[in-house]
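Visitor: Could you take me for a close look at the pocket in this model, and at what surrounds it?

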Amino acid sequence: MTDALREPTFLILTALAEEPRHGYGILRDVEQISGGRVRLRAGTLYTALDRLTSDEWVAVDREEVVDGRLRRYYRLTDLGAARLAEEIERVRSTARVAATRLRARFIGGTA
């Protein structure tokens, strides 16, 4: 069994699951996906992207210059997609157990 992903990592991988994104796009999408609960700082994001790139879960897709500044786009690799899918299944499985136990609690009248 693989260790659970930390929430910021899970959200970054989720942000990249649909399409390549640049750093600011990832920051905005993570905030949107989390309903505003998670607001990554740029330093935190780029440290995570460096680690995810090293782990081969994320790769640089392309670079472009916008208003004189380099904009780097990142994409989810097949390995990263597999790891994200694994985490989704782990969370679903845990949630099923929790829901079953909660239903049993109310049905059994111990609430």
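Guide: Gladly, and a definition comes first: helices (H or I, at least four residues) and strands (E, at least two) are DSSP runs, numbered from the N terminus. On a 1 Å grid over the protein atoms alone, a pocket is an open set of points where a 1.4 Å probe fits, with protein on both sides within 12 Å along at least five of seven lines, while a cavity is a set from which the probe cannot get out; lining residues have an atom within 4 Å of a point. Please keep in mind that this is a predicted model, where local features need pLDDT of at least 70, side-chain atom pairs count only at pLDDT 80 or more, and totals for chains, interfaces and linings use all residues. Residues are numbered from 1 along each chain as its sequence is written, and side-chain values use heavy atoms, with hydrogens and water left out.

The largest pocket holds about 340 Å³ of space, a volume being the space filled by probe spheres set on grid points that are joined across faces, edges and corners. Its lining has 13 residues, and those closest to the centre are Tyr-46, Arg-69, Leu-70, Arg-71 and Arg-72. Helix 2 (23-33), helix 3 (42-54) and strand 3 (69-76) each give two or more residues to this lining, and strand 3 gives the most, with 5. By type, the lining divides into 7 nonpolar, 2 polar and 4 charged residues (Ala, Val, Leu, Ile, Met, Phe, Trp, Tyr, Cys and Pro count as nonpolar, Asp, Glu, Lys and Arg as charged, and the others, Gly among them, as polar).

His-22, in strand 1 (residues 21-22), touches Arg-71, Arg-72 and Tyr-73, leaving aside residues up to four places away in sequence; contact here means heavy atoms within 4.5 Å. His-22 is buried, at 14% relative accessible area (buried is under 20%, exposed over 50%, partly exposed in between, with a 1.4 Å probe and protein chains only).

The loop between strand 2 (58-66) and strand 3 holds Asp-67. Asp-67 is exposed, with a relative accessible area of 76%, and has a positive phi near 50°. Most residues other than glycine have a negative phi.
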